[in-house]
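Please consider the following structure together with its sequence.

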Amino acid sequence: MVAAFAVSSEPARPAPASPHARLAAHILGVGLVTAVLVALPAAPSDLDRHQLPKETVTHLATLLAVLIARPFPPRGLRPGIALGLILLAGGGLLSTFAATDGWLAARALALTLTGIAAFITARQVTHDGAGRQLLGWCVVAAIVGAITGLAQAYGATSVFFAITRSPGGTFGNRNFLAHFAALAVPLTTAAALFAPRRAVAVVAASGGALLTAAIFLSRSRDAWIGVSVGMAVLALAILAVRRRQYLAVSARRVTLVVATAAIAVILAVALPNHLAWRSPSPYADTLVELTNTQRGSGHGRVLQYINSLRLAVRHPLLGVGPANWPIRYGDVALPTDPSWVFSDPIPLNPWPSSDWMALISERGLVGLLGVLLVGIGVVWRGVRALGEGARPAVTAAVLLALAATAAVEGSFDAVLLLPAPLLLVALASGSLLDVVDHVGPSEASHAVSPALWLWRPGVPLLLAAITLRSVLQTSAYLVAGNGHSTARLEAAARLDPTSYAIRISLADRLPCPAARPHAAAALKMAPDWPSARSAARRCQTLPHSVQLPS
């Protein structure tokens with residue numbers, strides 16, 4: 001079933017996939033599907049009840065795959081991409097030490113390191129012959145996620161679904177679900193167009209239709225733009241290859257892809273759903289407002305981007321620290337900024353509405369340079385592979401479309417800052433890049449100096465520590481439950497004393513003698529947030545001379 005969804009563009013290997021590679025591929029794939037589905041039934045923070053368990057599964061699956069595939073030291077990485085990954089990891093580490101909330105920064109850096117490890121492991125697994133299984137799992141995960149969103153849209157209920165921001169399914173937010181689905185559309189499209197067997201093409205096109213329906217029903221402008229750009233890049237790349245007579249594109253297959261997508265959109269509009277849109281013509285309204293920056297969320301994004309750039313100018317080299325954008329946003333934003341919700345204990349989203357704005361403001365020029373080097377390296381290899389024959393060219397076209405979709409979606413919302421889409425992009429891009437790179441044993445044997453022998457035990461130990469830390473954070477939320485019981489919250493705080501949501505709940509609700517350490521901890525994590533200041537002032541931890549924003 002998994003292999004049926006795979007893009008059949010992997011070049012022939014001298015030997016079948018090794019058992020270790022197949023096992024690692026299935027662990028990563030099952031981990032990705034689990035990350036899509038997992039959520040907590042209740043938690044003090046609705047956002048973290050979805051993201052924390054997804055992070056834990058992402059860390060654990062990557063750790064297990066690294067132990068089995070043993071991809072470190074990494075082999076065959078192009079120098080530009082390797083340097084970019086080093087800058088991204090090393091710059092993030094240095095930035096973490098300067099962050100206001102170091103534990104919050106460490107959590108974000110841990111996700112980055114796991115993403116890098118997953119990317120390198122995907123290359124190794126594909127090099128060892130299990131790339132098709134890995135790409136197949138990526139598509140399966142996206143379809144499973146889309147099904148949860150469609151189920152919610154048409155009336156299904158679950159304690160793992162978020163009530164607001166429907167139809168988010170197990171992602172908890174319709175935008176997150178749509179972003180994830182859009183990233184997989186190039187994979188399903190290529191499989192439908194070029195799969196050797198017609199039955200596989202029909203299955204892939206049907207999966208793509210489910211993704212299209214979920215994206216359309218989400219009304220996520222970011223996903224609509226991202227999938228449009230991604231499909232345009234895929235079409236242009238395929239046309240360029242076709243003009244060089246490397247491959248033939250069947251008109252029947254093109255009709256199959258277009259027809260199934262069109263039927264999906266028509267059914268999504270025609271079938272009655274449980275989405276309580278306020279407008280009588282919600283989808284037309286979304287299309288009309290696609291690029292509106294004068295009012296609503298578009299105008300709010302522009303203000304947020306301007307302020308985020310101001311923050312980056314103040315901290316140009318290393319930024320304010322991973323995930324510390326909400327902690328430091330008050331340095332540059334007025335209290336009238338629409339990003340603020342002062343009545344909430346956590347008054348800001350954890351990320352700005354853009355991966356790029358988060359990158360430049362939180363990790364500075366070092367982090368931005370690292371990502372640009374990786375991105376340019378991937379695109380350069382993809383463009384060059386378009387002229388290297390049919391199979392590498394199709395793979396390169398999908399790689400370029402995936403990169404374009406991720407870059408565009410990340411311009412308008414948080415995408416690769418989240419565990420599930422990060423894992424999807426790391427696995428798919430790593431696998432596709434290995435195919436277009438044609439890494440062979442002779443090249444791999446000279447790619448890494450023997451002086452880097454510490455990679456082999458060091459990386460698993462680091463990932464194990466990251467996973468353990470994530471398990472404790474998720475366990476704390478499990479213990480806290482819905483946050484109504486102070487006894488459970490206190491037990492949760494002992495498991496994870498660095499959780500602002502848990503600490504501020506205790507600081508607000510306990511008598512002052514017991515609340516003071518929690519208020520002090522919350523104030524240290526977010527010294528400018530109104531909730532932290534109010535809790536500290538209530539228990540005389542903050543001087544009365546400090547004024548709260550109005």
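A residue counts as buried when its relative accessible area is under 20%, as exposed when that value is over 50%, and as partly exposed in between. The model discussed here is predicted. By this criterion, Asp437 and Arg123 are both buried.

These two residues also form a salt bridge, in which the closest N and O atoms are 3.1 Å apart. Asp437 belongs to helix α16 (residues 419–437) and Arg123 to helix α4 (residues 102–127), so the pair ties together parts that are 314 residues apart in sequence. The pairing is part of a network of salt bridges that links Arg78, Arg123, Arg381 and Asp437.

Over the whole structure, a search finds ten salt bridges. One of them joins Arg469 to Asp496, with 3.4 Å between the closest N and O atoms. Because Arg469 lies in helix α18 (residues 455–480) and Asp496 in the loop between α19 (486–495) and α20 (500–509), this pair ties together parts that are 27 residues apart in sequence. Both Arg469 and Asp496 are buried. Another salt bridge is formed by Arg328 and Asp331, whose closest N and O atoms are 2.8 Å apart. Here Arg328 counts as buried because its relative accessible area is 18%, whereas Asp331, at 26%, is partly exposed.

Asn307 counts as buried because its relative accessible area is 6%. The Asn307 side chain makes a polar contact with the side chain of Asp337 at 2.8 Å. Leaving aside residues up to four places away in sequence, Asn307 touches Tyr329, Val332, Ala333 and Asp337.

The nonpolar interior comes next. In soluble globular proteins, nonpolar side chains tend to be buried together. The largest nonpolar core contains 109 residues, and Phe180 and Leu427 touch the most other members. Helix α6 (residues 174–194) supplies the largest share of this core, 15 residues. Apart from this core lies another, of 22 residues, including Trp325, Ile327, Ile504 and Ala519. With residues up to four places away in sequence not counted, Leu427 touches Leu28, Leu32, Ala118, Ala122, Leu134 and Cys138.

Nonpolar side chains also occur on the surface. Tyr154, Ile263, Leu267 and Leu271 form a nonpolar patch there, together presenting about 350 Å² of accessible area.

Definitions and conventions
Residues numbered from 1 in each chain as written. Predicted model: local features only at pLDDT ≥ 70, side-chain atom pairs only at ≥ 80, totals over all residues. Heavy atoms only, no water. Patch = residues over 30% accessible without salt bridge, like charges linked within 9 Å, V, L, I, M, F, W, Y side chains within 5 Å. Areas by Shrake-Rupley, 256 points an atom, 1.4 Å probe, with all protein chains shown as cover. Salt bridge = Lys/Arg side-chain N within 4 Å of Asp/Glu carboxyl O. Buried < 20%, exposed > 50% of the residue type's maximum accessible area, 1.4 Å probe, protein only. Polar contact = N/O pair within 3.5 Å; in protein donor to acceptor, adjacent residues only side chain to side chain. Contact = heavy atoms within 4.5 Å. Core = buried A, V, L, I, M, F, W, Y, C linked by side-chain atoms within 4.5 Å. Helix = DSSP H or I, 4+ residues; strand = E, 2+ residues; numbered from the N terminus.
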